[in-house]
Amino acid sequence: MSFSPQEDDMTIDWDALHLLAQKLDSADLTPTGLDVAEWSKLDSALSRALRERDDEAVVRLRLLFGFLLARDTVTGLQTMQRLEREAIESAKRLEDWQNLADFLGAQGHNLHRKGYHEEAIESFEQAYALYTQLDQPFEALKNWFMTALCHRALGDREKAQNIIRDILQNVDEHDPWRGNPLQVKAWLLRDEGRLEEAEQAMRAALEAHAQVADGDILVAGALADLGEILSMQRRFTEAEPCFRQSLAILARHPGQYQRQVARTQWKYGEMLIETGQPNAALTLLAKADDAIRPYGAYYDLLWRIELARALAYIKLHNLPGAWRKFRITLRLRRELNLSNWILVKQMLRRFF
Amino acid sequence: MHHIRFSTLLARHLEARERSASWLARRVGVSAATANRWLSGETRPQTPERVIDIARALSITEPEAINELLTAAGYATSIGPQSSRTREKGANKPLDLDWDISSLPEDRASEPSSSPSRFSITARWANLRRGFRRGKRPALAIPRHCGHAPVRLQEQTLALSAAFGVYFVGLLERENSFVSLQNQLEMGDAHPASTIAYIDVVQRLLSNETHIIILASHGGMGKSTVAAQIIRCLFELGAADVILGDSAKSKIIDANLGEPKAIEPGYSDAIGFFYRLREQLGLPQQTRISPKQYTRDIRDRLYGRRAIIFVDNLETVAARDQIVRFLSAVVSPNIRALVTTRRAFRETEYPGKTALVHLRPITDISDAAIFLRWHIERYRHENPLLTRLSLSLDEAHLQRLIQVTGGMPLLMQIVASNVARLSWSYLDDLPKLLGDALLNSLYEQAWRELQAEGRAGRAAQRVLQRIAHHTHSGHRITFDTMRGWFKADRRLELLPQSLTLLYERFLIVNNDLEQGDFAITPSLAEFVSRQ
C-alpha cells in the first residue's frame, strides 16, 4: 500500500482489490491476520461505488469477495454484511437475475447460520423462484432444500420431512450432493428418537460428502453429527473419535470455520455431560463460546451452547447457574423469534 | 490430589534460574514460540524425551523433580525407584490440547460444583448454600513472580487488539514485560500512604474483598503495564479466562491520506460501554432495554467464566462515575474489573468492593536502578547503545535522572535512551518541564531530529505514523510488513537506518526479535497522530 498523500483516490483501484482478495483467500489466513486498513480498502471501494450509484461496481465487489461470505467466520463483520445487502439491491436494479439469485441464496445461508430462519426462508424462496425462471433446476432445488433446514429449526418438522423426501426422490443416488439431504434426514430421524435409522442416514451422508472435492468441511460437520447420534445411543467410545476427527479436519483451516469448530465442540461437550464429565464439558463449551462470540450474531449456536451449559450445571447440582443459563438461552431464542414452548417439548423428548 | 500445571511448574523453574523462554528454547532446540506456548499452558511437550531435555537444560537432576515435570506434562514417571508401569506404545503421545479432553481441568470447576449424593438432603443444602455464598475466600498463595508467563489470547486477540490496541495485547502476550518495584503502588487515599505490590492487588481480587480495581496516575506511569501484569497473573492462576472491555480512542491516521481521521470512541457513556460489552459477548443489541436487563444479560452470559472487564482511559469519558457504578452491578467473585484513569477519584466517588490504587513515581534509588537495569536488558537487542549505561548507573546519575524526570517510568526510559546515545550531561540540557509536558517536548525534539536526518529520518516518521494507524487493527506489524511499506515507497534500502533512528529516539516495542511484532506506547501514538 503506497503511502502517498497525492494519490488519486477518485477511482476504485481494482488491481489493489484483486490483490487483497488473493491475500484474504490464502489458506493460512486467520481473522487475526486481517488488517483494518485492508478492510477499509473494501469499505472505501463500496462506499465510493454507492456514492456514484455504480451498481456494476457493487456487484463486482460482491463477486470478488463473495468467498468470504461462504466461510462462516467473517460473515458477521459489518463490512461483509453491508456488501451482501448492497449487492442484492444493486443486482435488482441492474435486473441481473443470475447474480441476484446467487446473492439471495448466499444471504439465505448466512441468515440461517445466525438463526434468522424465517428471513432465511424468504431469501431461499426468492432464490428458488429466480433459478426456476433461469431454468437452473439444480440450483433451485438446492435453495428449496435449505428451506427444509429452516423449517426444521422453526419446529415444523413435517414440512421439513416432506421437502427432504421430495428432494431425495429427485436427486440421483450416486450424486455426492445427496449427502446434504441425507444429513438433514438423519437430523429429522434423530429428532424423532429413531437413532439407528438416523445413524444409517448419517453414515450414508458421510460417505457421499467424502466424494465431494474439497468436501472436508462437510465431512467435519457430518462427523460431529454422527458423534452426536452415537452418543445419544450411549456408544461413547465410538462417538469420541468422531468429534476428534472433526476437530482435526477443521484444524487444517485455522480461523476460517469458527462456527463449525464451535458446533463440534458444543456437541462434544454435550457428550461429556452425558458421560459424567460436566466440568470438562463446561471448559469445552467455553472454548466453543470464545470461538464464535467475537464474530457477531451467531445466536443460533450461542443459545445451544448456553443450554448445554445449563444442563451441565444441573448435573453439578448448581441450580443458580442452571437458571442463569436457561434464562440467557431464552433471551437469545427470543431474538430469533423461536418458540420456547417448542424448546421445552424438545427437552422433554430428549430426556424421556 | 493437587495436580500442578506443567506451565506453572516450568515457570517456577525458569524463575528460579532467572532464565527466559527464549533461553530455554535455544537450549532445547525448539522455537521461542513453542517454549512460550509451554509457559502459557497452551501446549505441553510432545514427548517425554522432550521433558527430559527440558530438565537437562534446567540442570534438574533430582528424580523427584524430573518425575514431577513428567507427571505435570501428562506422562508416566520413568525415573528412579518410583518408576511406574510402562505405557503402551504411542500412549505417551499427548493429543492436541485444543481437543484433548483428558487434559481438561476436571478438578477445577468454574463455580462451586461438588456433587454429593442426590439422596442426601443435608449435602444438597450444603451445596446450595455454597452456590449462594458470597463470603470472603481464604487467601491463596500467589507465586512471587506470578504473571511471568505470557497469555495466549488466541481467538481473543483480534477483539482485544481492536479494543485496546496492539501495544496492550503485546504486553499480555510478551514475557518479561514487567518489573516489580517495591514502592510502585499505593493503596487508596489512606494517610499515611501504604505501598503495596501488584501481588497484593491480585490477592485482593482473589479474596473477594474487591471486585473493581482502579489504577490511577498521570500518563507514562505504567498503568497499562501494571494492568497487564495483574491480568497475566490472574490467567496464570486460572482466575481469569476471558477479557472484555474497551478503551476510549478518538483518532486514527488515515494511511491513504496521511491525515488524522476521527473515529467513534469505543464508548462515551455507560450505555455505550455496555453496548460494547454486549457486542463482545455476542448478545443482540436492543435500544429499549433497561439497565437492569443489560447487567442481567451480561452476568448470565458470563456465569461460569472468570472474566476480567478492562476499562482503559476512563478519564476520557464524561460519565465515568456511571460506568463504575454499572460495573459494580455486573462484577462478582468471578467477574472482576480493572480500570485505568489519569484522573483521580476520591474514595467517596466509587462504590463498595472497589479499591483505588495509585501508581507512584520512582523516587527510590534502588528502585530506579532495578528499573533501568530491566529496561537495558529488555531493549538492548533493539538499541545496543543502552548497554553503555550499565556501568554508569551510580547513585549520583540515578538521583539526577529521577530529579529531571520526576520519577516517571516512561520518561526515564526515553531519557535513558538519549543518555546512552549522547552522555549524562544531556540531563543538564533538558527543558525544565515535568510529566506530559516534558514527554511531549522530548517527542517533539526527537521528531525534529528525524526530520533533520534526511530521507531515512522522514521514512522513520512515516513508519511511526503507520504503526500508530495500526494500533487498533489487530494486525501484527512484522519485519515483512515494514519491508512491504518501504518497498512500496521504493525506499527499501533505508529500512535498517530508519529503524535504528527510531529505536534510539523513541520507545519502540518489538515483541518478536525474529519476525518482528512492533507496537508503540499510547502516548507516542497520540503524539504521532497530531503531527
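**Entry 1: Glu240(A) and Arg244(A)**

I looked up Glu240(A) and found it partly exposed, at 24% relative accessibility. My cut-offs are under 20% relative accessible area for buried, over 50% for exposed, and partly exposed in between, with a 1.4 Å probe and protein chains only. Arg244(A) is buried, at 16%. The two side chains form a salt bridge, 3.6 Å from N to O. I use that term for a side-chain nitrogen of Lys or Arg within 4 Å of a carboxyl oxygen of Asp or Glu. Both residues sit in helix α12 (residues 236-250) of chain A, and because they are 4 residues apart, about one helical turn separates them. Helices here are DSSP runs of H or I with at least four residues, strands are runs of E with at least two, and both are numbered from the N terminus.

**Entry 2: what I am working from**

I note that this is a predicted model, in which local features need pLDDT of at least 70 and side-chain atom pairs count only at pLDDT 80 or more, while totals for chains, interfaces and linings use all residues. Residues are numbered from 1 along each chain as its sequence is written, chains are lettered from A and ligands numbered from 1 in the order in which they are written, and side-chain values use heavy atoms, with hydrogens and water left out.

**Entry 3: a pair between chains**

I then checked Arg327(A), which forms a salt bridge with Asp300(B), with the closest N and O atoms 2.8 Å apart. This pair crosses between chains, from helix α16 (residues 319-335) of chain A to helix α12 (residues 291-302) of chain B. Arg327(A) is partly exposed at 21% relative accessibility, whereas Asp300(B) is buried at 0%.

**Entry 4: a pair in chain B**

Asp321(B) is partly exposed at 33%, and Arg325(B) is partly exposed at 47%. I also noted a network in chain A, where salt bridges with shared partners join eight residues: Arg152(A), Arg157(A), Arg190(A), Asp191(A), Asp225(A), Glu228(A), Arg263(A) and Lys267(A).

Last, I looked at Val344(A), in helix α17 (residues 340-351) of chain A. Val344(A) is partly exposed at 36% relative accessibility.
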